[in-house]
Amino acid sequence: MNAPVKIETTLKDWETDQEVRWCPGCGDYAILKAVQRTLPQLGCDPKNTVFISGIGCSSRFPYYMETYGFHTIHGRAPAVATGAKLANPDLDIWLVTGDGDGLSIGGNHMLHVLRRNVNMQIMLFNNEIYGLTKGQFSPTSRIGTRSPSTPVGSFDRPANPASFALGAGARFVGRGFDVSKNLPDVLKAAHAHKGAAFIEIFQNCIVYNKDVFEDFAAPKGAGDRQLWLEHGKPMLFGDPKTGLDKGIALDRDGLHLTVVDATEDSWQDAGVLVHDATNRVIAHMLVEMPFGSFPMALGVIYDDPRPTYESSVAEEREKSTAGKQANLAKLLGSGQTWTVDGTAADPV
Amino acid sequence: MATQAAHSPDSPQSPDAVVVRFAGDSGDGMQLTGGQFTLSTALAGNDLATFPDFPAEIRAPQGTLFGVSAFQINFGSREISTAGDAPDVLVAMNPAALKVNLSALKPGGLIIADTGEFTKRNLDKAKYETNPLEDGSLAKYKLLAFDISALTIEAVKEFGLGNKDALRSKNMWTLGLALWMFDRSREPIHDWLNHKFRNKPDIAKANIAALDAGHAYGETAELAGPLQQVHIPPNPTAPGLYRTITGAESVSLGLVAGAQLAELPMFFGGYPITPASAILHHLARLKEYGVTTFQAEDEIAAICAAIGASWAGSLGVTSSSGPGIALKGEAMGLAIMTELPLVIVNSQRGGPSTGLPTKTEQSDLYQAIYGRNGDAPMPVISARSPSDAFECAIEAVRIAVHYMTPVMLLTDGYIANAAEPWKVPDPASYEPFPVNFMTERRGEQLLPYKRNEKGARPWIKPGTPDLMHRIGGIEKHEETGNIDYSPDNHQAMTDARKAKIDNIAVPDQEVSVGQEGGSLAVVGWGSTYGPIHQAVNRSRAKGMDVSQIHVRNIWPLPANLGALLKSYDHVLVPEMNTGQFKTVLRDQYLVDAQPLTKTSGQPFQIAELEAEIAKFFDGIEGNEGGQVPTNDDQLPTRESGHDDGSSRRKSSH
Ligand SMILES: Cc1ncc(C[n+]2csc(CCOP(=O)(O)OP(=O)(O)O)c2C)c(N)n1
Ligand code: SF4
Ligand SMILES: [Mg+2]
């Protein structure tokens with residue numbers, strides 16, 4: 001892979017002439033803007049940047065980015081992206097998927113792109129609903145979600161995308177939500193990570209699942225409900241105006257996290273954990289924290305790179321072709337051969 | 001290709017062709033024995049065709065009927081195009097092998113049986129109440145029964161192997177005997193064993209000792225028993241370098257050659273499935289030819305990854321068999337809609353569902369031509385033999401990149417596994433067809449869907465400056481490729497996609513045997529080529545006016561095919577399905593194509609095709625060979641045209 005050259009662009013350079021067709025007020029708009037703002041800051045080159053998506057409202061995303069884009073079929077974007085990356089490792093791939101696209105029909109491919117660790121940024125827009133097909137419950141819908149297919153409320157246990165990603169072997173797991181000002185930072189960290197970087201982005205579907213994330217995403221009281229993680233910083237939260245007053249500690253007997261009272265001065269004594277983004281066990285606990293008794297863990301939850309799939313493929317190629325020369329004529333005539341001469345049919 | 005009649009040998013002493021079937025337990029190494037015997041046959045200059053027939057179970061319980069594995073080879077001093085109808089020689093390594101294969105043996109054929117395995121226990125497992133070697137039930141055959149097991153143990157005694165290990169060389173002992181029977185050199189097999197067991201010289205020596213002992217046994221047995229040495233002279237063939245090749249090897253090499261001719265790296269996405277896996281295995285070893293192989297999580301991922309790779313500028317290839325091809329259907333539509341090149345290889349097997357994984361069938365033809373949602377036309381090419389698969393693979397690549405379309409290449413279980421001699425082609429004799437990617441705008445506006453004179457859109461690699469654009473499965477505008485659902489546009493795009501495929505230049509259909517016009521054309525496709533070829537030749541030798549037409553380009557069909565078919569009074573379409581190509585021909589040309597169908601998992605036999613052909617000729621002057629009793633009421637006459645004949649012929653349609 002060539003060292004990427006930083007390119008000067010502005011937000012405008014990343015916008016297409018296509019009319020954006022999401023419902024007015026849809027969280028997808030905010031995510032689009034966040035991405036279009038972030039890419040110039042990263043110095044990305046539009047010609048090498050590609051957006052690959054499945055099917056869903058979220059998966060319309062590539063049409064609005066002035067890059068190469070591939071709107072594929074439902075659930076299969078990870079596979080298409082894997083092939084594209086192997087064919088051209090220089091491509092900077094952003095994958096866009098939804099909770100249905102990425103965890104229902106495409107759950108299998110999501111598992112494998114993560115465990116293989118193909119270098120790309122995977123943005124899963126989680127609106128806890130099937131938006132495009134008009135509002136059926138999805139694999140992330142909470143129990144009791146009323147939808148056209150669950151008129152008295154759903155009873156499927158929801159999947160937790162970040163937890164799924166960790167279980168699948170992801171080496172980067174981040175979280176953000178559509179309108180949060182920190183989303184670009186998560187995107188930047190994901191981009192800096194070499195390997196499959198999984199970002200769960202809570203997204204408000206104002207038509208079919210309006211405000212389901214308000215409990216933690218609403219600006220009012222956000223400090224108490226959002227735990228923004230930063231590597232090397234104590235896991236403190238609370239209203240910044242009145243001062244952070246709580247922290248996350250580890251109950252070492254019960255092996256689970258707890259919320260403790262702590263301040264920016266007293267956190268060490270209170271046993272508040274310092275976020276270590278390479279700690280996989282704590283990452284599992286953070287993404288599993290039940291919201292309500294705990295805040296929502298957001299930001300870069302886990303970031304511990306391993307060799308990427310495409311680099312292993314290249315390495316294997318080098319190993320298995322060392323000293324070998326492509327010679328088609330020789331290849332065709334290999335194996336156990338014999339010659340029939342010009343006149344007699346006898347084998348030589 | 002010779003078109004004279006070829007008669008099966010009457011006298012075993014001077015045959016021009018012989019059919020041998022090696023049958024044993026799946027653990028007996030019959031496929032290996034067959035493979036090495038094939039090599040020695042090829043080295044002896046005979047033409048040949050093989051038919052490996054093995055169970056679906058990896059390790060079926062020993063001695064059972066469903067654990068029998070067989071390898072049939074037909075070889076001769078003349079052109080051979082099938083693995084042969086009925087064996088002249090059956091080697092039965094145990095009772096189950098005898099039971100399963102006996103019915104195929106020619107009356108008067110030779111059975112070679114290992115008495116060491118005809119124990120009470122094994123007879124029970126094979127459901128024999130009495131020992132067939134002793135109860136007289138094999139009276140109509142020649143029988144040579146002796147204790148191969150004991151002779152093998154004796155032969156390898158000096159190597160101090162345990163009984164179990166010693167018995168592993170039984171197949172080499174048997175091969176040694178077979179080599180003697182057909183007057184073959186042992187040297188190449190010695191070389192092969194020494195190479196195969198280069199790290200275990202003792203095992204190599206033991207196997208060689210067994211081989212030599214089997215060979216020596218032949219010489220002594222000749223004096224007394226029914227065993228006689230037969231020499232089959234070489235078949236005169238064109239000079240050049242030859243090798244044996246299976247369909248799976250041939251497809252792999254053809255794809256590599258095609259990618260080189262297109263000057264593209266190849267990306268191959270696969271998911272293991274019988275009988276397609278062998279292509280993945282072959283290509284995985286050819287990385288130095290710019291091949292990347294990817295074992296995906298399922299067939300959908302395999303094709304989608306190949307599509308992603310094609311989008312990024314490689315030649316995307318994927319391969320599977322029926323169930324996996326079914327899974328790929330939606331993604332084929334994506335490749336059709338995004339107009340990206342892709343080659344999809346379908347090594348057909350018996351279906352539906354899991355069906356008969358290790359047996360052959362041609363029942364995915366509808367699936368290949370029609371099996372996608374929407375109006376989704378796609379070219380289909382079918383290989384007729386292992387070596388032909390090489391040419392077909394190159395052709396599939398050429399069409400895919402010229403026309404920016406997925407192409408399906410059909411082979412089947414028989415072609416995939418069977419081996420035949422192949423005159424190694426010179427790659428320089430193929431016209432290269434390098435791909436021209438679009439690298440700059442051809443006008444103010446970027447038009448990724450503007451078609452060239454072939455109807456193909458430009459191929460633009462991501463990473464190209466100034467040509468950024470978006471593609472996808474949603475209907476798109478005729479030229480810009482932007483989303484466009486408008487009625488006129490969908491009509492225009494549907495028409496354009498169809499016209500592009502309809503107008504693919506495919507060679508005119510030739511007549512393989514016989515001539516344009518006449519009483520009967522036997523029209524086939526795929527691996528039925530061999531048996532049809534022989535059956536038509538033999539029928540012609542008996543005076544029947546029958547011609548062979550074998551179609552490679554299944555979609556689009558050759559432009560002259562309709563007129564050609566209409567030049568015959570009757571059209572018979574033998575296929576290993578319930579009549580799919582017959583229906584396609586009827587639909588395309590309104591010809592009264594008659595089906596001849598077989599779905600037993602076994603290839604057609606020459607004799608059954610001959611019998612069917614003869615039914616068209618009973619009562620017609622010049623036919624002395626009618627094999628079916630004449631029923632004048634039911635018979636067509638040449639004058640009676642097309643309409644009267646359809647009910648008299650058996651068909652399982
Ligand atoms: C094979 C297939 N099955 C079903 C559909 C219909 N479909 C389109 S989008 C979708 C669900 C989308 O949900 P999600 O991934 O959460 O995306 P959102 O619209 O919520 O962003 C479904 C079921 C389809 N396009 N293809
Ligand atoms: S349906 Fe929901 S997710 Fe889809 S565009 Fe409308 S608001 Fe957004
Ligand atoms: Mg959704």
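Me: Where is B:Pro275 placed in chain B?

Reply: This is a predicted model, and in it B:Pro275 sits in the loop that links strand 8 (266-270) to helix 10 (277-284) of chain B.

Me: What kind of peptide bond joins B:Thr274 and B:Pro275?

Reply: The bond between B:Thr274 and B:Pro275 is cis, with omega at about 0°. Most peptide bonds are trans.

Me: And the bond from B:Gly351 to B:Pro352, cis or trans?

Reply: That peptide bond, from B:Gly351 to B:Pro352, is also cis, with omega near 0°, and B:Pro352 belongs to the loop between strand 11 (342-348) and helix 13 (365-370) of chain B.

Me: What about the phi of B:Asp183, positive or negative?

Reply: B:Asp183 has a positive phi of about 60°, although B:Asp183 is not a glycine. Most residues other than glycine have a negative phi. B:Asp183 is found in the loop that runs between helix 6 (170-181) and helix 7 (187-196) of chain B.

Me: OK, switching to ligands. Where does ligand 1 lie?

Reply: Ligand 1 lies between chains A and B. There are 17 residues around ligand 1, and those that come nearest are A:Cys57, A:Ser58, A:Asp99, A:Asp101 and A:Gly131.

Me: Which helix gives the most to that shell around ligand 1?

Reply: Helix 3 of chain A does, with 4 residues; helix 3 (99-105) and strand 5 (129-130) of chain A each supply at least two residues of the shell. By class, the shell around ligand 1 divides into 6 nonpolar, 8 polar and 3 charged residues.

Me: How far is an oxygen atom of ligand 1 from the side chain of A:Asp99?

Reply: An oxygen atom of ligand 1 is 2.7 Å from an N or O atom in the side chain of A:Asp99. A polar side-chain atom of A:Asn127 lies 3.0 Å from an oxygen atom of the ligand, and for A:Gly131 a polar backbone atom is 2.9 Å from an oxygen atom of ligand 1.

Me: How much of the accessible area of ligand 1 does the protein cover?

Reply: The protein covers 77% of the 590 Å² of accessible area that ligand 1 has on its own.

Me: And ligand 2, how many charged residues are in its shell?

Reply: The shell around ligand 2 has no charged residues, with 8 nonpolar and 2 polar. The residues surrounding ligand 2 include A:Trp22, A:Cys23, A:Cys26, A:Cys57 and A:Asn127.

Me: Back to chain B. Which way do strand 5 and strand 6 run?

Reply: Strand 5 (residues 110-114) and strand 6 (residues 142-146) of chain B run parallel, joined by 5 bridges. The chain passes from strand 5 through helix 3 (residues 120-125) of chain B to strand 6, in a β-α-β crossover that is right-handed.

Me: Last one: how many helices and strands does chain B have?

Reply: Chain B has 20 helices and 20 strands. Its radius of gyration is 27 Å, close to the 26 Å that the globule rule gives for 653 residues, so chain B is as compact as a globular protein of that length. Along its principal axes, the C-alpha trace of chain B spans about 90 × 70 × 45 Å.

Technical notes. Residues are numbered from 1 along each chain as its sequence is written. Chains are lettered from A and ligands numbered from 1 in the order in which they are written. This is a predicted model: local features need pLDDT of at least 70, side-chain atom pairs count only at pLDDT 80 or more; totals for chains, interfaces and linings use all residues. Side-chain values use heavy atoms; hydrogens and water are left out. Two strands pair if DSSP finds at least two bridges between them. A crossover is right-handed if, with the strands pointing away from the viewer, the path from the first strand over the helix to the second runs clockwise. A residue is near a molecule or strand if one of its heavy atoms lies within 4 Å of it. A polar contact is a pair of N or O atoms within 3.5 Å; within protein, one must be able to donate a hydrogen and the other to accept it, and residues adjacent in sequence count only if both atoms are side-chain atoms. Accessible areas come from the Shrake-Rupley method with a 1.4 Å probe; for residues, only the protein chains shown count as cover. Ala, Val, Leu, Ile, Met, Phe, Trp, Tyr, Cys and Pro count as nonpolar, Asp, Glu, Lys and Arg as charged, and the others, Gly among them, as polar. The radius of gyration is taken over C-alpha atoms; the globule rule is 2.2 Å times the number of residues to the power 0.38.
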